[in-house]
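This report walks through one model, from its sheets to its ligand site and its core. Keep the structure open while reading.

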Amino acid sequence: MENETPVLEMRHLVKTFPLNKKQRAERHVDTAKLFAVNDLSFTLYPGKIYGLLGPNGAGKTTTLRMIATLIAPTSGEILYRGSPIQKDISAYRGRVGFLTSELKLDDFFTPSYTFDYMASLYGLKEDVIKTRKKAIFDEFGVTPFSLSQIKNLSTGMKQKVSLAISIAHDPDIIIYDEPTNGLDIMASRDVENFLEKLKNDGKTIVISTHIFSLVEKLCDEVGIILNGQMALQGDLHELTKERSLEEVFFSLVEEDAA
Ligand SMILES: Nc1ncnc2c1ncn2[C@@H]1O[C@H](COP(=O)(O)OP(=O)(O)OP(=O)(O)O)[C@@H](O)[C@H]1O
Ligand SMILES: [Mg+2]
C-alpha cells in the first residue's frame, strides 16, 4: 500500500464547536469549546475502502463532513493528490460523492427527477444524464420505481436511490456515512455489493459504520475513533490477526474509560 500514491491525505484535522450554556450543562463540562475532532490524520488510496469505527459522538460524521467540504476544519488540512483542497475547491467537489443519513431525499419528487436535478447541479449535459441514469438505475434495480414518489419507496429502495444519485457525476472519491444504517440484511447486502464494485472500479472510499461485519467484509483499512482522536488505525488483517475486530474495539473503549 505504501507504494501507491495517496488520493486524499487528512493531516491533523481538528474541528471544534462552540458550546452554549445549556450544552455545557448537558455535557457536564465548563469549557466553551467542544473538540468534536481532535487531531486526526489518515490517508486514502485508490481501490481501497477505509472504515471509520467509533462510539456515538466520537467524531465520525464530523470527519466525513470535513472531507466532503460541508464544514471547514478548525485547523489541519486535506490534500487531494498532493494539493490542499482549497486550491480548487469546486473541482474537488466535482470529484466527491457524499452520502449521509442527515441528507434526506424530497418525498414528493421521483428518483428520476431527483437524479436529473442533482446531476444537472454537477453540470452534466442532458444526454449524459440520461445515459448514466439508465445504467445506474438498471444496475440498482431502481428503474421500476424511477417514476414513483420517493415517499412511497421502502427504506432500502430510498437508500439505493441515494447511492445512485451520489455517483451521478462519476466521482472518484466516495464518502459514505453509515451507508447501511436502518437497512435489512438483503438491502445491506446490495449496498455491500455496490461498495465492492466501486472499489474494484478503483474508487477511493471512506465509510463510517457501527457494523463490524461490514468493516470485516469490505474494508482494507480501519480507523477507530474515540473522543475525536484516532485510537488505532491500520490494515484490517494486521489488526485482526489475533483478535476479532470487535474484541480490538472493546479493549480500546475499556482502556479509554479506565
Ligand atoms: N454542529 C454541531 N454543533 C455542536 N456540536 C456538534 C455539532 N456537530 C457535531 N457535534 C458534536 O460533535 C461530536 C461528534 O459528533 P459526530 O456527529 O461527528 O459523531 P459520530 O461519531 O458521527 O456519532 P454517531 O455514531 O452518533 O453518528 C458530538 O459530541 C456531537 O454532539
Ligand atoms: Mg455520525
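Strand β9 (residues 221-226) pairs with β10 in the antiparallel sense, over six bridges. One residue pair to look at is I225 and its bridge partner in β10, M230. The model is predicted.

**The six-stranded sheet**

β9 and β10 belong to an open sheet of six strands, in the order β6-β7-β8-β3-β9-β10. Its pairing is mixed. The edges are β6 (96-99) and β10 (229-235). Each has a single partner strand, so one side of each is left without a neighbour in the sheet. On average, neighbouring strands here are turned by 15° against each other, direction ignored. Helix α2 packs on this sheet and touches β3 (48-53), β7 (173-177), β8 (204-208) and β9. The direction of α2 makes about 150° with that of β8.

**The four-stranded sheet**

A second open sheet is described next. Four strands follow the order β2-β1-β4-β5, with antiparallel pairing. Here β2 and β5 (83-84) stand at the edges; each has a single partner strand, so one side of each is left without a neighbour in the sheet. Strand β1 (residues 8-18) is joined to strand β4 (residues 75-80) by five bridges, and the two run antiparallel. V14 has S75 as its bridge partner in β4. α2 packs on this sheet too, touching β1, β2 and β4. Its direction makes about 120° with that of β1.

| Strand pair | Sense | Bridges | Bridge partners |
|---|---|---|---|
| β9 and β10 | antiparallel | six | I225 and M230 |
| β1 and β4 | antiparallel | five | V14 and S75 |

G76 is partly exposed, because 16 other C-beta atoms lie within 10 Å, whereas a buried residue needs 20 or more. Leaving aside neighbours within four places in sequence, G76 contacts R11, H12, L13 and V14. The C-alpha atoms of G76 and L40 are separated by 8.6 Å, and these residues are 36 apart along the chain.

α2 (60-67) is mostly covered. Eight of its eight residues are buried: K60, T61, T62, T63, L64, R65, M66 and I67. Just after α2, T69 takes a positive phi of about 65°.

Which residues surround ligand 1? They are F17, L34, A36, G54, N56, G57, A58, G59, K60, T61 and T62. β2 (33-44) and α2 each supply at least two residues of this shell. α2 gives the most, with three residues. By class, the shell divides into four nonpolar, six polar and one charged.

**The nonpolar core**

In soluble globular proteins, nonpolar side chains tend to be buried together. The largest nonpolar core here has 56 residues. Within this core, A164, I175, I205 and V206 touch the most other members. Helix α6 (residues 155-166) gives the largest share, five residues. What does I205 touch, not counting residues up to four places away in sequence? The contacts of I205 are I49, Y50, I174, L195, L198 and K199.

How values were computed. Residues are numbered from 1 along each chain as its sequence is written. Chains are lettered from A and ligands numbered from 1 in the order in which they are written. This is a predicted model: local features need pLDDT of at least 70, side-chain atom pairs count only at pLDDT 80 or more; totals for chains, interfaces and linings use all residues. A residue is near a molecule or strand if its C-beta atom, placed from the backbone, lies within 6 Å of it. Ala, Val, Leu, Ile, Met, Phe, Trp, Tyr, Cys and Pro count as nonpolar, Asp, Glu, Lys and Arg as charged, and the others, Gly among them, as polar. A residue is buried if 20 or more other C-beta atoms lie within 10 Å of its own, exposed if 12 or fewer, and partly exposed in between; C-beta atoms are placed from the backbone. A nonpolar core is a set of buried Ala, Val, Leu, Ile, Met, Phe, Trp, Tyr and Cys residues joined through C-beta atoms within 7 Å. Two residues are in contact if their C-beta atoms, placed from the backbone, lie within 7 Å. Two strands pair if DSSP finds at least two bridges between them. Axes are lines fitted to C-alpha atoms, for helices over the stretch in contact, and angles run from 0 to 180 degrees between N-to-C directions.
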